[in-house]
Amino acid sequence: MYLYSGMADVAAATGDEAYVKALDRLWVNTVQRKMYITGAIGSTRHGEAFGANYQLPNDTAYGETCASIGMCLWNHRMNLLHADAKYADTFERTAYNGVLAGVDLGGEKFFYVNPLASDGNHHRQAFFGCACCPTNVVRFIPSVPGYVYAVDGDRLYVNLYAAGQGKVKLAVGAVALYQKTRYPWDGNVKITIKPDAGAGEFDIMLRIPAWCAAEAPKDALYQPAPLPADQVKPTIKVNGQAVENPDMVKGYARLHRTWKAGDTVELNMPMPIRRVHAHPSVAADIGRVALQRGPVVYCFEGADNGGTIDNFYLPADAPMTSEFRKDLLGGVMVIKAKATTLSSADPRNTLSLIDVLAVPYYAWDHRQAGPMAVWMPEDPAKAQAKPPAGK
Ligand SMILES: [Zn+2]
């Protein structure tokens, strides 16, 4: 990832087409064949390496915290190189899930390895003999504000949605921005714009996240179950007036006008719970489903589910709701579902419905030790209890 980041910097500085083509091929292979749903990469401990295409085991996943940070560093540079929102989408996926799981809520314990399933014996540590991950987290987290906006001449790109204020320098002068939002729990974002000169003509490019799409592109590694467009379609308002069918440029909604101090942009992104399936070539995820809401990937832990997570499955019609629990894990949106219990002797022997609860993956391993899984059986006849190691 550091090599690719350096290549992207060189390509941006020199315009070397051979580097750009190589980077584009590497990106497609990484994101469409070798990335976990959490944005983590590196499926094998041997050589801390990528595996073969679609080799994405969950319990033996390596997914080093540093590799996720490297994914963010590389995707940030690819975004600057191509001005395409798909790289910011990947940055966001990795930052909220693969990276954030690497540090506990108190900021004092770290994962080196980030599996997507555990039997309860994997826990964050205060430090490691090879201490790359803790120090990399300490470097990365305070740098996040620097990834929120990007500029190109008179184009202002909004890449991340996060409450706060920032200032960017456009060709027309400096512009201050104030974002109000509860993202990632809520998709309402209000941005107030204040050009230093009082007014200025420029583009505001709002990233419309890939997770807002009714369905994913055919070649995507992770496919959310399609939803009707009206359940997912974001809406945009400028000074309270709806902007219908904005000009879309590489995943960004382009808003061009003479912006005056106090102008507001409101983006409202619906956040339904999405049931996500992996490409059928990912053996470990066959017959399984993962839950995602906005950019946040969820997991099931024994701590919320009577100590075990291997006695139920999530059929396609399982009712689900989300609810904000400020008392839990520092304040998280949870997903409550009606799961179907099953007998371990006969996976098709359906017993009854039970209430189960999923929490954001980044917040796992904060309570009593127990099992955890991101990918849950959806079809117990197809999902293997334990997929063969390394597949
Ligand atoms: Zn590391």
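Predicted model: local features only at pLDDT ≥ 70, side-chain atom pairs only at ≥ 80, totals over all residues.
Let's start with strand S14, residues 273-278. Five of its six residues are buried, so S14 is largely enclosed by the rest of the structure. Buried here means under 20% relative accessible area.

What does S14 pair with? On one hand, strand S8, residues 222-224. That pairing is antiparallel and runs over three bridges. For a landmark, look at Tyr 222, which stands opposite Ala 278 in S14. S14 is also joined to strand S15, residues 288-293. Those two run antiparallel as well, with four bridges between them. Here the landmark is Ile 273, opposite Arg 293 in S15.

Now the empty space. Rolling a probe the size of a water molecule over the atoms shows where such space is left. How many cavities of 30 Å³ or more does a search of the whole structure find? Two.

Take the largest cavity. Its volume is about 70 Å³. Helix H3 (65-82) and helix H4 (85-99) each supply at least two residues of its lining. Among the lining residues are Asn 75, His 76, Tyr 87, Phe 91 and Tyr 147. By class, that lining has five nonpolar residues, four polar and no charged ones.

The second largest cavity holds about 50 Å³ of space. Which classes line it? Two nonpolar, six polar and three charged residues. The lining includes Glu 301, Asp 365 and Arg 367. His 122, His 123 and Trp 364 also line this cavity.

So much for the tour. Questions, please.

Definitions and conventions
Residues numbered from 1 in each chain as written. Heavy atoms only, no water. Buried < 20%, exposed > 50% of the residue type's maximum accessible area, 1.4 Å probe, protein only. Pairing = 2+ DSSP bridges. 1 Å grid on protein atoms, 1.4 Å probe; cavity = no way out; pocket = protein on both sides within 12 Å on 5 of 7 lines; lining within 4 Å. Points joined across faces, edges and corners; volume = space filled by probe spheres on them. Nonpolar A, V, L, I, M, F, W, Y, C, P; charged D, E, K, R; others polar.
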